[in-house]
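Please look over the sequence and the model shown below.

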Amino acid sequence: MHSGTDFYQQAAQAIRSARRLTAFTGAGISVESGIPPFRGSGGLWNRYDPTFIEIDYFYRNPKKSWELIREIFYDFFGRAEPNAAHRALALMESRGLIEVVITQNIDNLHQEAGNTTVYEFHGSSQFLVCTACGNRIHFTAAGLEVLPPACGECGGLLKPDFVFFGEQIPEPANSRSFLEAQLADVFLLIGTSGEVMPACGIPFLAKENGAAIIEVNTEPSSYTGRITDIFLQGRATEVMARLVEALGIG
Ligand code: APR
């Protein structure tokens with residue numbers, strides 16, 4: 001696989017000469033922050049049936065759904081910190097090499113690392129929204145001791161502000177992300193299997209529009225043999241550290 005130094009030089013050259021570089025990230029970038037991926041080795045969906053975050057199930061079984069939501073996305077994820085790969089993207093933004101991060105992740109780690117334009121294609125775990133009155137509160141303001149949590153304003157059922165299976169992709173993340181696939185001439189994919197629509201269509205659309213695709217992953221994904229131009233194989237923290245070095249911004 002392409003992980004020789006010359007591929008890092010090629011990737012650095014493509015990034016330096018890019019008119020507009022957009023990053024597109026998935027669960028794999030947060031694995032080294034202690035957050036398991038959904039698929040592949042150690043994947044959440046190997047251990048949990050994702051039914052609990054299907055929107056119809058949630059409304060029919062709010063307490064059972066919330067018990068797993070709290071266990072997986074709040075008790076578990078809540079303490080994660082940005083890792084060197086998140087920090088590398090923030091450094092690249094600070095050096096004017098990247099404007100936009102499109103993420104499928106709900107963990108807020110890109111923002112915590114310092115990126116300022118982050119399109120959360122699947123929403124965010126940071127806020128809960130009332131399904132009755134629309135009231136939106138930070139998850140720390142909602143007592144998750146009692147499940148399902150109730151809205152302090154109207155008593156309605158609170159739901160995490162991330163996209164459940166069967167829900168629409170939020171705006172402006174949806175439109176802005178597909179616009180990036182028209183505008184960017186380089187896409188940097190980090191830690192995504194490319195198996196979930198409509199998110200996974202974004203890199204394919206970017207490729208159709210002529211973008212060069214650089215991919216960072218521990219193993220080949222749905223993109224690798226099809227649209228990836230430079231495949232930097234390895235763990236995101238290690239690969240991004242080498243890429244920062246090749247860019248001369250470390
Ligand atoms: N460094 C880089 N890549 C990694 C690492 C790592 N340390 N660990 C795992 N990976 C890669 C895996 O090889 C895999 O290709 O990250 C990818 C994780 O894939 P998924 O778990 O499918 O995550 P993602 O692509 O973000 O899933 C998309 O599916 O369930 C939904 O809403 C959920 O946003 C998620 C969406």
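**Ligand surroundings**

- A polar side-chain atom of E32 lies 3.0 Å from a nitrogen atom of the ligand, a polar contact in the sense of a pair of N or O atoms within 3.5 Å (within protein, one must be able to donate a hydrogen and the other to accept it, and residues adjacent in sequence count only if both atoms are side-chain atoms).
- This is a predicted model, in which local features need pLDDT of at least 70, side-chain atom pairs count only at pLDDT 80 or more, and totals for chains, interfaces and linings use all residues. Residues are numbered from 1 along each chain as its sequence is written, and side-chain values use heavy atoms, with hydrogens and water left out.
- An oxygen atom of the ligand is 2.8 Å from a backbone N or O atom of A27, and an oxygen atom of the ligand lies 3.1 Å from a side-chain N or O atom of W45.
- There are 22 residues around the ligand, of which F38, R39, T192, S193 and N217 come nearest; a residue is counted here if one of its heavy atoms lies within 4 Å of the molecule.

**Aromatic rings**

- The structure holds twelve aromatic pairs, where rings of Phe, Tyr and Trp (its six-membered ring) pair if their centres lie within 6.5 Å, and planes under 30 degrees apart count as stacked, over 60 as edge-to-face and the rest as tilted.
- One of these pairs, F162 with F164, is stacked, at 5.3 Å centre to centre and 25° between the planes.
- F162 has a relative accessible area of 3% and is buried, and F164 is buried at 1%; buried means under 20% relative accessible area, exposed over 50% and partly exposed in between, with a 1.4 Å probe and protein chains only.
- Ring pairs link a cluster that includes F38, W45, F162 and F164.

**Nonpolar cores**

- The largest nonpolar core has 31 residues, among which L89, M92, L188, I214, L232, M240 and L243 touch the most other members; such a core is a set of buried Ala, Val, Leu, Ile, Met, Phe, Trp, Tyr and Cys residues joined through side-chain atoms within 4.5 Å.
- The largest share of this core, seven residues, comes from α9, helices being DSSP runs of H or I with at least four residues and strands runs of E with at least two, numbered from the N terminus.
- A second, separate core of 24 residues includes F52, I53, F73 and L144.

**Helix α8**

- F204 lies in helix α8, residues 201-208.
- Beyond its neighbours within four places in sequence, F204 is in contact (heavy atoms within 4.5 Å) with S222, Y223, R226 and I227.
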